Amino acid sequence: MEKKRIVYTPQGGVCSRMMIVDVADGKVEQAQVIGGCDGNLKGICSLIKGLPVEEVIHRLEGIDCKGKGTSCPDQMARALKESIG
């Protein structure tokens with residue numbers, strides 16, 4: 001079983017300050033976001049748990065927040081994308 005912990009500092013002026021994602025065998029095992037809209041981000045972390053990394057990227061990539069060109073969900077996708085190369 002391949003396990004990996006991703007620790008990512010979001011960019012682009014989003015509210016979250018850090019993202020920690022544990023991936024096992026290509027699936028999100030657990031995710032945590034520090035800072036940002038607490039309830040929304042806890043909900044996103046719960047929803048992506050157990051999903052394949054590629055599916056999470058597909059669902060979250062490109063979501064915009066207030067015209068910033070990115071968002072906390074988009075930053076989660078970027079963190080996962082960087083982790084798989």
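Let me start with cysteine 65. Its relative accessibility is 28%, so cysteine 65 counts as partly exposed; that class runs between buried, under 20% relative accessible area, and exposed, over 50%, with a 1.4 Å probe and protein chains only.

A word on the basis. This is a predicted model, where local features need pLDDT of at least 70, side-chain atom pairs count only at pLDDT 80 or more, and totals for chains, interfaces and linings use all residues. Residues are numbered from 1 along each chain as its sequence is written, and side-chain values use heavy atoms, with hydrogens and water left out.

Back to the cysteines. How many disulfides does the structure hold? It holds 0, taking a disulfide as a pair of cysteine sulfur atoms within 2.5 Å. Cysteine 45 is in no disulfide: the nearest cysteine sulfur belongs to cysteine 72, 9.9 Å away. Cysteine 45 is also buried, at 9% relative accessible area. Cysteine 65 is in no disulfide either; for this residue the nearest cysteine sulfur is that of cysteine 15, at 6.2 Å.

Now the strands. Lysine 4 sits in strand 1, residues 3–8 (strands are DSSP runs of E, at least two residues; helices are runs of H or I, at least four; numbering is from the N terminus). Lysine 4 is partly exposed, with 40% relative accessibility.

What does lysine 4 touch beyond its neighbours within four places in sequence? The answer is Val21, Asp22, Val23 and Ser83, with contact meaning heavy atoms within 4.5 Å. Take valine 21: 17 residues along the chain from lysine 4, yet the two C-alpha atoms are separated by 8.2 Å. Take serine 83: the lysine 4 side chain reaches its backbone oxygen at 2.6 Å.

Next, the pairing. Strand 1 and strand 2 run antiparallel, over 6 bridges (two strands pair if DSSP finds at least two bridges between them). Within that pair, arginine 5 faces aspartate 22 of strand 2.

On to strand 3, residues 27–35. Strand 2 pairs with strand 3 as well, again in the antiparallel sense, over 8 bridges. One of the bridge pairs is alanine 24 with lysine 27 in strand 3.

Last stop, the turn. The hairpin of strand 2 and strand 3 has 2 residues between the strands. Which residue there takes a positive phi? Aspartate 25 does, near 50°.

Notes. A polar contact is a pair of N or O atoms within 3.5 Å; within protein, one must be able to donate a hydrogen and the other to accept it, and residues adjacent in sequence count only if both atoms are side-chain atoms.
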